[in-house]
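Here are a few friendly notes to read alongside the model. Please keep the 3D view open and look for each feature as you go.

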Amino acid sequence: DVALPREGKLLTWTVIRTPASQFNDLAPYAIGIVEAGDVKLMVQIADVVDFTTLKHGMDVRLEFRAIQKDGHSGIIMYAHKAVPKF
């Protein structure tokens, strides 16, 4: 088990403009690599409207949020997302 820090640094990112069908409602969105202590995570970058504001090394807060709802069964999946600290 690893206790993740609640904050980290954005190392790199990309903007997804043509996503897999289950993420169509989110496009465009950014995913990135965040360094949080000794761990590097690939996470969605949340709450960003203008992707040009993302910067290498910027501080982010890790939050556990819903990422997907599974159609008719209604299963909601959760994961960490990075929220930039502007």
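This is a predicted model: local features need pLDDT of at least 70, side-chain atom pairs count only at pLDDT 80 or more; totals for chains, interfaces and linings use all residues.

1. Two strands pair if DSSP finds at least two bridges between them. Strands themselves are DSSP runs of E with at least two residues, helices are runs of H or I with at least four, and both are numbered from the N terminus. With that in hand, find strand β3 (residues 39–45): β3 and β5 pair in the parallel sense over 2 bridges.

2. Residues are numbered from 1 along each chain as its sequence is written, and side-chain values use heavy atoms, leaving out hydrogens and water.

3. Now the overall plan. The protein has 5 strands and 0 helices, running β-β-β-β-β from the N terminus on. In which order do the 5 strands close into a barrel? The order is β1-β2-β3-β5-β4, with mixed pairing.

4. With β4, β1 runs antiparallel and is joined by 3 bridges; K9 has D59 in β4 as its bridge partner. With strand β2 (residues 29–36), β1 also pairs in the antiparallel sense, over 7 bridges, and here L10 stands opposite V34 in β2.

5. Next, the aromatic rings. Rings of Phe, Tyr and Trp (its six-membered ring) pair if their centres lie within 6.5 Å; planes under 30 degrees apart count as stacked, over 60 as edge-to-face and the rest as tilted. The count by this rule is 2 aromatic pairs. One of them is F23 with Y29, a tilted pair at 6.3 Å centre to centre and 50° between the planes. F23 and Y29 are both buried (under 20% relative accessible area; exposed is over 50%, partly exposed in between, with a 1.4 Å probe and protein chains only).

6. Another pair is F64 with Y78: their planes lie at 20° and their centres 6.1 Å apart, so the pair is stacked. This pair links distant parts of the chain, with F64 in strand β4 (residues 59–70) and Y78 in strand β5 (residues 75–84), 14 residues apart.

7. Finally, for the whole protein, buried residues make up 30% of the 86 residues.
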